[in-house]
Amino acid sequence: MEVKVLSSKIVKPQYAEGTARPDTTEHVPSSVFDKVTYHIQMAIIYAFQAPAPSTEDIERGLAQVLGVYRLFAGQVRAGPDGAPGVLLNDHGARLVEARVDGATLVEFAPPKPSPVVLQLHPDLEGDVEEVVQVQLTRFACGSLAVGFTANHAVADGHATSDFLVAWGRAARGLDISAPSPPPHNHLDLFRPRDPPVVDFEHRGVEYYRPTTSNPKQGEGGHHGADNVQGEGGHHGADNVIIHKAHFTKDFIAGLRAKASEGRGRPFSRFETTLAHLWRTMTRARGLSPGEDSTIRISVDGRRRLSAPPGYFGNLVLWAFPRSTVGDLLSRPLKHAAQTIHDAVARLDGAYFQSLVDFASSGAVEREGLEKTAVLKDVLCPDLEVDSWLTFPFYELDFGAGSPSYFMPSYFPTEGMLFLVPSYLGDGSVDAFVPVFQHNLDAFKQCCYSMD
């Protein structure tokens with residue numbers, strides 16, 4: 001089965017008739033949070049059952065929403081002073097139309113990421129000129145797959161989900177319920193104190209110093225591709241498959257009750273689910289009791305820094321809960337959940353402000369520091385998690401109803417977890433878990449155990 005591309009074009013932002021056209025020479029400088037995050041193209045896949053929304057409605061909504069969220073219609077460019085950022089030149093977004101003949105969406109794409117889903121969104125490799133790319137792939141059954149890609153250097157998941165919901169509203173002819181335009185980075189936001197006050201250590205956390213022995217080592221001990229066997233090896237990245245684990249609301253309720261026993265306030269759905277996955281992955285990997293395992297957890301700083309409502313950009317740092325393998329497996333679930341809870345709680349407003357001050361202090365340039373947010377093929381014995389549990393991704397409605405399912409694209413980094421709300425909408429969770437093939441059976445055996 002082949003995906004046939006029918007057309008590819010640029011959709012320009014559309015502005016209300018009679019309104020003044022914006023300045024297309026304005027340059028929005030990258031914030032410290034834009035600079036320190038992953039500079040990659042991220043992709044997600046939506047599926048809509050028949051009768052699927054029309055291309056005309058989707059394209060019209062895209063043009064209108066780009067006229068509001070202009071960062072997504074611009075291009076990543078250096079400013080006049082050489083500083084990185086986005087040029088608000090109204091370049092537009094790429095829209096690709098495609099079809100698959102003689103196959104249904106269910107027959108073509110499995111309900112979990114695999115290499116085949118890479119055909120359902122525009123290519124992420126090479127120099128991508130557009131910040132946003134969209135591919136509409138229609139199937140013989142009348143279903144529609146919407147592949148959406150965006151440059152992570154411009155916006156995080158919170159901001160992107162706001163854009164997607166607004167896109168759906170525009171396609172349905174509704175007002176975009178967002179600040180117009182949404183606030184983005186400017187010189188008066190996230191200002192360092194004078195003089196800078198660095199209250200926390202950021203070396204080995206958001207930044208690291210490259211060495212000749214391990215020039216790409218980051219976040220205090222994550223294992224990069226240099227630490228595992230090469231292509232075709234037993235532990236190589238090409239031996240990774242993505243397993244989808246579905247946790248029902250009743251299973252999660254049982255986990256929460258067990259983890260929170262004797263605790264006044266129960267752990268959250270996120271804390272409990274992640275604690276369970278941390279222990280499950282550790283057991284499946286067969287790690288030694290004395291090894292340390294760390295999770296890299298994205299933490300939203302909007303409330304912590306009192307960012308303006310609707311702020312559009314990156315505003316995320318990371319918590320790093322750590323435990324020995326022995327403690328994770330011998331102590332109860334509460335230990336893992338409490339370790340996660342405490343690590344996230346430490347990233348308060350003072351921590352975010354300390355990072356702003358550290359980044360402006362000149363230490364990064366003087367010491368030749370690099371950011372730790374770089375892609376790796378294998379994270380074992382560690383994990384990283386992107387939680388989309390609170391993002392309204394299922395509210396994307398182009399006029400034919402909500403999507404039948406939603407998932408990240410194929411992203412086979414061993415140990416890189418994605419948590420998304422189930423399409424059932426009842427509080428259950430789908431976890432996309434990249435594991436080594438030889439660890440999969442062990443993961444399945446303990447994934448749904450309360451022990």
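Mentor: What follows is a set of labels, each set against its definition. This is a predicted model, where local features need pLDDT of at least 70, side-chain atom pairs count only at pLDDT 80 or more, and totals for chains, interfaces and linings use all residues. Residues are numbered from 1 along each chain as its sequence is written, and side-chain values use heavy atoms, with hydrogens and water left out.

Trainee: What about cysteine 141?

Mentor: Its relative accessibility is 33%, so cysteine 141 counts as partly exposed.

Trainee: And why does arginine 21 get its label?

Mentor: Its relative accessible area is 54%, so arginine 21 is exposed. Arginine 21 lies in the loop between strand 1 (3–11) and strand 2 (27–29). Strands are DSSP runs (E, at least two residues), numbered from the N terminus.

Trainee: How do you know how many disulfides there are?

Mentor: A disulfide is a pair of cysteine sulfur atoms within 2.5 Å. The structure holds zero. For cysteine 447, the nearest cysteine sulfur, that of cysteine 446, is 7.2 Å away, and cysteine 447 is in no disulfide.

Trainee: What makes a residue a contact of tryptophan 167?

Mentor: Contact means heavy atoms within 4.5 Å. Leaving aside neighbours within four places in sequence, tryptophan 167 is in contact with residues including Phe148 and Phe398.

Note on methods: Buried < 20%, exposed > 50% of the residue type's maximum accessible area, 1.4 Å probe, protein only. Helix = DSSP H or I, 4+ residues; strand = E, 2+ residues; numbered from the N terminus.
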